[in-house]
Amino acid sequence: MSNDGGTAVASGQAVRLASAMVVLRMLRLPIAILVVLLGFALFEPRIVSTGNLRNVLIQSSYLAVFAMAQTVVILTRGFDLSLGVTVSLVSVTVAIVMVHYGGTGMAVALGLGAALAVGMAVGLANGLLVGGIGINPLVTTLGMSYIVVAFATTISGGFPVTGLPGGFTATLARSSVLGVPTPVLMAGAVFAALFFMLRATRFGRSLFIIGANPRAADAAGIRRTPVLVAAYVVCSLVAAVGALMLTARTGSGEPTMGGNLTLEAIAAAVVGGVRLAGGEGGVGAAVMGAVLITVLSNGMNLVQTDGYIQQIVLGAIIIGSLIVNRDEFRR
Amino acid sequence: MSARAAPSAPGPALLGRLLQPGLMVVTFLVLAVVITAMVEPRFLNPLNINNLLRNFAFLAIPAIAQMLVMKSGGFDLSVGAVVAGSSVITAMTMSAVLQAYPGMEGMAILIALGVAVGAGMAVGLVNGALVAYQDLSPFMVTLAMASVVMGIALYYTQGIPVYGVADSFIAEIGRGRWFGYPPVLFIALGIVALLVVMQRFTRLGRHIYAVGSDLRAARLSGIPARRTLLKVYVMAGGLSALTGFLMTSRIGSGQANIASTLALETIAACVIGGVSLRGGVGRAEHVALAALFLVVVSNAMNLTQIDSRFQTLVLGMVLIIALSIEHLLLRRRLT
């Protein structure tokens with residue numbers, strides 16, 4: 001009897017310990033972000049100033065949008081290696097359209113339409129190849145990235161497209177609503193929309209099931225082709241929204257805007273804990289990962305770390321978080 | 001164990017046969033050569049042929065490295081970074097040795113080769129250890145390592161070319177001729193031959209196929225799967241580093257930005273050469289032919305002065321078309 005009571009107490013402690021571990025695991029990214037912030041603050045107190053924190057928030061909203069876009073396809077065991085160049089293509093297309101139509105309100109509306117059309121087109125092409133024909137997403141989107149970059153450099157001639165309407169850049173990049181900067185608001189809106197989509201719609205749940213087990217998805221009667229096509233379209237559309245935000249910030253259409261974005265977006269998702277084998281993770285993880293990476297690079301910039309050293313650190317962080325996350329998924 | 005998954009099912013005879021994995025690349029290559037030679041006679045000019053064969057060697061060696069990794073079921077996105085890092089190390093080591101022992105060019109070249117290839121194999125060792133013993137995604141590991149290696153190369157050079165390599169290194173290897181052809185061509189062909197022998201006749205070659213087709217089955221049948229994976233990544237790192245060493249002899253200086261798109265080009269060569277993205281299938285001779293095909297296409301577009309932007313578009317289309325054909329054929333064979 002007393003023996004049984006002993007095990008009950010022991011298992012009660014074990015449960016408490018286990019649930020404490022679970023909470024700790026869930027909070028590990030916020031904790032990591034805080035540790036990084038405070039660590040840098042020891043060397044450079046300006047890092048925790050209100051101005052800089054606001055700055056970090058704005059900077060991370062761009063990366064967060066791209067990481068969320070990438071997450072939608074990673075959930076299905078996919079990848080979008082054409083994300084960065086899609087951002088470049090959207091950026092120059094928007095600028096060309098807005099400049100061509102004279103920078104009026106009408107021109108801005110046409111530009112926004114063009115951005116979404118480009119995102120839609122790239123997403124459809126990727127989705128039809130991956131979901132329709134069934135080719136490996138890595139190589140499909142790799143091939144697509146060559147094609148998209150050719151378009152981006154051809155229509156812009158390889159040069160930045162300047163002369164964007166001031167209203168567009170001011171509204172999207174520098175305004176704020178009730179003290180919240182517009183880029184942060186837009187990232188929040190994207191988050192809310194995707195969060196709802198993933199958690200509360202049939203489509204969202206299908207993404208998780210396809211990623212977790214494609215055969216189970218077939219058995220459950222999920223038609224993979226339309227779901228995958230839609231996933232790639234959503235990914236590219238969200239990337240187009242991010243491209244609009246970035247274009248407004250730089251104030252010109254840049255054919256090289258997407259440069260490292262693909263990898264940074266994947267890195268942010270991975271660091272946040274989105275599982276590369278599909279089926280686990282969410283846009284919240286992507287946002288956290290984006291904030292962590294931005295906090296790190298902001299801190300390194302402020303303590304004047306060499307840009308190339310930062311590149312080394314980013315690689316090390318990715319490998320470190322892969323190891324940490326692997327242990328979690330093993331459980 | 002055969003590289004081919006199964007004997008081909010009866011299908012539409014000629015077209016089907018021409019599009020089989022092994023023959024598809026030959027078909028593509030012959031078409032590309034014939035069309036280019038007809039459209040642009042300068043294509044067959046000996047100078048151009050030499051140029052083309054040199055570019056072929058510079059793509060074939062890293063493509064073989066990529067093939068080894070893909071055959072084992074992975075990806076190596078650090079190929080380009082290792083090539084660049086090796087170029088920097090080659091030049092730095094060589095100029096350091098020459099400063100310490102002026103005139104000892106042969107020794108400097110050999111030491112540089114050893115240090116560069118050793119460093120490349122060390123990167124491969126890290127990649128392989130993380131993939132094989134930590135069970136991490138090869139794609140992400142090599143991507144992260146590419147970032148690390150490029151960061152180191154750029155930090156030490158700050159993006160500035162490293163001069164001071166041996167004159168004979170440039171004259172004999174980079175610009176030299178063996179029997180009238182660029183030396184790198186013979187090195188590349190030697191490596192392809194070596195790999196053909198390895199994949200057919202050695203235990204390691206068979207183990208790589210086994211590990212790539214089904215890791216668990218390989219393990220259960222007593223194959224040292226982890227060690228095989230590790231060896232694959234080390235060999236790939238060494239071959240990439242050799243490419244960087246050879247490119248340095250051609251350029252005449254060590255540069256950290258010589259191979260920014262090489263990882264993607266090698267994947268393209270492998271895919272066109274019929275290496276399966278699921279692992280377990282791939283032959284060195286087919287990959288070499290695919291590399292030659294890609295080089296011919298890009299040479300043809302250069303000769304006919306097609307805009308370089310349009311060239312990337314063609315490369316993307318070729319990649320996607322080759323994949324679609326492979327996939328549709330595979331599906332037909334399975335059903």
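How does the radius of gyration of chain B, with 335 residues, compare with that of a compact globule? The legends below take up this question first.

Figure 1. A compact globule of 335 residues would have a radius of gyration near 20 Å, and chain B agrees, with 20 Å. The radius is taken over C-alpha atoms, and the globule rule is 2.2 Å times the number of residues to the power 0.38. Along the principal axes, the C-alpha atoms of chain B fill a box of roughly 65 × 55 × 35 Å. Residues are numbered from 1 along each chain as its sequence is written, chains are lettered from A and ligands numbered from 1 in the order in which they are written. In this predicted model, local features need pLDDT of at least 70 and side-chain atom pairs count only at pLDDT 80 or more, while totals for chains, interfaces and linings use all residues; side-chain values use heavy atoms, with hydrogens and water left out.

Figure 2. Chain B has 14 helices and zero strands; helices (H or I, at least four residues) and strands (E, at least two) are DSSP runs, numbered from the N terminus. Of its 335 residues, 56% count as buried. Buried means under 20% relative accessible area, exposed over 50%, and partly exposed in between (1.4 Å probe, protein chains only). A contact means heavy atoms within 4.5 Å. Among contacts in chain B between residues at least 6 apart in sequence, 79% join residues at least 24 apart. Chain B exposes about 14,200 Å², of which carbon and sulfur atoms supply 67%. Accessible areas come from the Shrake-Rupley method with a 1.4 Å probe, and for residues only the protein chains shown count as cover.

**Figure 3. Confidence at residues 1-11 of chain B.** The predictor's confidence in each residue is given as pLDDT, from 0 to 100. The mean pLDDT of chain B is 89, and 92% of its residues reach 70 or more. Over residues 1-11 of chain B, pLDDT stays under 50, and the model has 14 contacts beyond four places in sequence for them. Where pLDDT is low, the predicted coordinates should not be read in detail. The model scores ipTM 0.83 and pTM 0.87.

**Figure 4. A salt-bridge network in chain B.** A salt bridge is a side-chain nitrogen of Lys or Arg within 4 Å of a carboxyl oxygen of Asp or Glu. B:Glu285 forms a salt bridge with B:Arg200, with the closest N and O atoms 3.8 Å apart. B:Glu285 lies in helix H13 (residues 284-303) and B:Arg200 in helix H8 (residues 183-201) of chain B, so the pair ties together parts that are 85 residues apart in sequence. The side chains of B:Arg283 and B:Glu285 also meet in a salt bridge (3.8 Å, N to O). Through shared partners, the salt bridges join B:Arg200, B:Arg283 and B:Glu285 into one network. B:Glu285 is partly exposed at 22% relative accessibility, and B:Arg200 is partly exposed at 43%.

**Figure 5. A salt bridge in chain A.** The side chains of A:Asp218 and A:Arg224 meet at 2.8 Å, N to O. A:Asp218 is partly exposed, with a relative accessible area of 40%, and A:Arg224 is partly exposed at 31%. Over all chains, the count comes to six salt bridges.
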